[in-house]
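I wanted to look up how helices pack against each other in this model. Two packed helices are described by the angle between their axes and the distance between the axes.

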Amino acid sequence: MISLNIEKTFGFVSKEKVFAYEAEVKAAQEMLEKGTGKGNDFLGWLHLPSSITKEHLDDLKATAQVLRENCEVVIVAGIGGSYLGARAVIEALSNSFAWLQEKKDGPVILFAGHNIGEDYLYELTEYLKGKKFGVINISKSGTTTETALAFRLLKKQCEDQCGKEFAKKAIVAVTDAKKGAARVTADKEGYKSFIIPDNVGGRFSVLTPVGLLPIAVAGYDIEKLVAGAAAMEKVCSSDVPFAENPAAIYAATRNELYKSGKKIEILVNFNPKLHYVSEWWKQLYGESEGKENKGIFPAAVDFSTDLHSMGQWIQEGERTIYETVISVENTNHKLEVPTDEANLDGLNFLAGKRVDEVNKMAELGTQLAHVDGGVPNMRVVIPALNEESIGSLMYFFEKACGISGYLLGVNPFNQPGVEAYKKNMFALLNKPGYEEESKAIQARL
């Protein structure tokens, strides 16, 4: 189970002020439980882990097995919440060099539909030539430009290259139950499909088929992932006292730090496999809280790598930041530092030590230096990089996000600002129906 330590924030905010949030947090939790707060149409994630059935997981696993048995490559087509959760889990659990190995345990998992890079899409389609590949098309509407464009290319290539019958079993839709272009296409073509629940927003959807299907295709245990999240659902439940509830404490602490002038939260990891967990977290908090000209700016760094690029700014730059460190207690592998007779690099004092011990001392040394430099630190400890731990971590962040958004006074479950660039893009591309906008934007240019 994960644990939270906020002791290294108390030189900057007082424990009394953090614990003074108890009544506000309780009110926020009640709004979540009773559905009386803003965005109450999107609370399906709240008790999702404990409500997922074995039958549903079996259906997902059976579909994943079809793709694993028939495809050399599977492309996950989605953007934002339709891909970040899956990618976060897959990258956290994967062998960093598996894609280079000739003998593979399952299909290579690639991602598309999250950008409009012509070179990226060209290179992807070139790589897929001569390969049996499948696509998991994740889109509630089926008309999100980035994903729809990639899917159009991939669908045609799959049909041309592997035949329509192969495409029928190798393309899976994760979309709306009844409406939208992706639903119409899935029904027309006879694709296997899974439903994105109406009451779960994209950034909270990792434990729906949006995340679970790609994770299962990658070969990971979705039952354990869900079990980890379900365990954290209990730990963060509204009936758990404030002082023992990590989601409540995290939400309160970050809001008090924000009030004290700490406007930027940097999520830190000391394990490169957690890079995409940070990317997922950035969307979760940025899209949930960045409204009405307020909200903590979510940033992320990979240490110790970024200590050699961003470390200077974090140590001595503007003091508007705090850090939340994800610390992994146990590694999955063991590697010791060897002795070198010449000792030209001066590292013989480390000989015989585990590489992870060196990393842990880098973590501790960094925390002490940053706190001394005026950067409050919180620490989230997970036991290991496995399905249970990652499931727990993600639910913890989700529950804390819901509470934190209500403490801030915004609707944590909408994202009205996301549409602004789309309207301009459609006007610039002369999309039918945007004639007036096209005239207006051309006049501005």
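I began with contacts (heavy atoms within 4.5 Å) and found that Ala86, Val89 and Ile90 in α5 meet Val210, Gly211, Pro214 and Ile215 in α10. I sorted the residues of this contact into six nonpolar, one polar and no charged. For this, Ala, Val, Leu, Ile, Met, Phe, Trp, Tyr, Cys and Pro count as nonpolar, Asp, Glu, Lys and Arg as charged, and the others, Gly among them, as polar.

I noted that the model is predicted: local features need pLDDT of at least 70 and side-chain atom pairs count only at pLDDT 80 or more, while totals for chains, interfaces and linings use all residues. Residues are numbered from 1 along each chain as its sequence is written, and side-chain values use heavy atoms, leaving out hydrogens and water.

Next I looked up the axes, which are lines fitted to C-alpha atoms, for helices over the stretch in contact, with angles running from 0 to 180 degrees between N-to-C directions. Helices are DSSP runs (H or I, at least four residues), numbered from the N terminus. The axes of α5 (residues 84–93) and α10 (residues 209–217) come within 8 Å and cross at roughly 30°. I therefore put α5 and α10 down as roughly parallel (under 35 degrees).

How values were computed: Helices (H or I, at least four residues) and strands (E, at least two) are DSSP runs, numbered from the N terminus. Angles under 35 degrees count as roughly parallel, over 145 as roughly antiparallel, 65 to 115 as roughly perpendicular and the rest as oblique.
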